[in-house]
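Please consult the sequence and the model together while reading.

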Amino acid sequence: MALEDIYKEVILDHYKNPRNKRELPGAELSCSRNNPLCGDEITVFVHQEDGRVADIAFQGSGCSISQSSASMMTEAVKGRTLGEALELAASFRGMMAGEVEPDEDAFGDLIALKGVVKYPIRIKCAVLAWDVLQEALEGAGEAASRSPHGA
Amino acid sequence: MSVTRERPAALDVARIRQDFPILSRTVEGKPLVYLDSAATSQKPRQVLACLQEFYERHNANVHRGIYLLSEEATELYEGARAKVAAFLGAPDPSCIVFTRGTTESINLVAYAWGRKFLREGDEILLTEMEHHSNIVPWQLAARATGARLRYVPLTDDGLLDLSDLGSLLTERTRLFAVTGMSNALGTLNPVRALADAAHAVGALLLVDGAQLVPHHPVDVVALDCDFLAFSGHKMLGPTASGGLYARRELLEAMDPFLGGGEMILEVFPDRSTYKEPPYKFEAGTMNIAQEVGLGAAVDYLTGLGMENVRAHEEELTAYALERLVEAGARIIGPTDVSVRGGEISFWYRDIHPHDLATVLNEEGVAIRAGHHCAQLVMRRFGVPATARASLYVYNTREEVDALVAALERARAVFGV
């Protein structure tokens, strides 16, 4: 193993200069989680408009892998439909399980996290932000599916 | 606890290292530098050979077979109990209950003593430096009995802040449960003084000895503790070995913990009678080979001399603290080696401990990164996690140097 497999320049760049790391006032969807093993914390805020991720931001603290993954995630899902965002979350998780060969166009910078697969204990760090996103978006789905039947 | 000032002859670490086969393996093509003995220690050949010999020659269940192997196994198992008792200065082997380790021992007390004797309004005093295994069992006992938990706070140096002990330790306190040596801060607590303070208000003192017993001479009579929990796997012994020391009259008064075979005298449809301690607390087939192996570990440590073990670690800890601070690390915990052990928690130049541990692994250096099952400590010091290097009898100055060199590599990778 080489450290370069995991600590790629793009990862360190997102870690040191995280994108969309801010509060998102008025976000309809948000979710927080921490990784009890290492204390990493991520909160994801989503502002949705017409079923799309109109804006997304995150807050949190933790290791370079968890924080860079969150930063890259916000860039990757912004503008996508909620369904597409969930699909991307599933393929990201597939990549981290070593089961899905990533689509470079869809993944963008996220490809850089592929090297983490070689460090099983760190996979949880990479996936944390995606778990939080999924929970936030599924909250939206549940709210939508509940509404036809009334409150 | 007072720390000896005269320095006994240092350990012959080069010779000791030859007893630990695992220390000659490589990691990522580099010699293993094992700095995680606070999590679990490595095992010397003597312990490994003891396990092998037990299974090859003496394996049988104890206390029941009317045949030679069972007699031999029983003799070895009870022999290990006697060795552990002598090692801890316990007045009698029957004061030692074998368990899977510290966690099980504390749960045993919280259940078998706590459920029986705690009442609503009673208080259990803990400290903010406790391992989760000395917090959660008391939360469960408190919930079951209506007792209340209180906590001794910490100073910024990572010592117990005893300035307000008088208002925390009162006639309502039934038990004061405290670590002898913090796994997250390294702090060595003044156990005897705490025992005196507890006893002055009629409370019992339980010592979490998971780190203290492997690294410091312990005499339960001199410490005047009522309970002492310890883990064999952190003191050169096999995993799942360990035990609980308790004063005999406490063991007699307590209810059983696990019910089952071996712990009973007679069983009727609606009730049973129990054996005398310690057997009352040893239900089912125990970790026989492991406890016998623990006996071998105790022999090994006794051969080294616990005063020498402590002196070696005190000297090496001083060296490690100096090198780490020099390299730019922030130590979380006391820096005075007379009041601390070799569990060294630190932050290095804002590199997250998990990132640090990953880089260090590439250099063959094994450290722990995380909250060390001490989230109250992490919160107290405002960190989500720490990196922790922990030292033992087989560690050397050269390994501390390797740690510091690996930190430099991390610094380069992260450009800090």
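In chain A, helix 3 is mostly covered, with 13 of its 14 residues buried (20 or more other C-beta atoms within 10 Å of a residue's own, the C-beta atoms being placed from the backbone). Helices here are DSSP runs of H or I with at least four residues, and strands are runs of E with at least two, numbered from the N terminus. The model is predicted: local features need pLDDT of at least 70 and side-chain atom pairs count only at pLDDT 80 or more, while totals for chains, interfaces and linings use all residues. Residues are numbered from 1 along each chain as its sequence is written, and chains are lettered from A and ligands numbered from 1 in the order in which they are written.

Just after helix 3 of chain A, A:Gly79 adopts a positive phi of about 90°.

Chain A contributes 16 residues and chain B 14 residues to the contact, where two residues are in contact if their C-beta atoms, placed from the backbone, lie within 7 Å. On the side of chain A that touches chain B, helix 1 (3-6) and helix 6 (120-146) of chain A are the elements that give two or more residues.

Chain B is assigned domain 1 (13-43 + 305-414) and domain 2 (48-303), with bounds from an automatic or database domain assignment. Their C-alpha centres lie 27 Å apart. Contacts join 25 residues of domain 1 of chain B to 31 residues of domain 2 of chain B. Helix 12 of chain B provides the largest share of the domain 1 side, 5 residues.

Definitions and conventions: A residue is buried if 20 or more other C-beta atoms lie within 10 Å of its own, exposed if 12 or fewer, and partly exposed in between; C-beta atoms are placed from the backbone.
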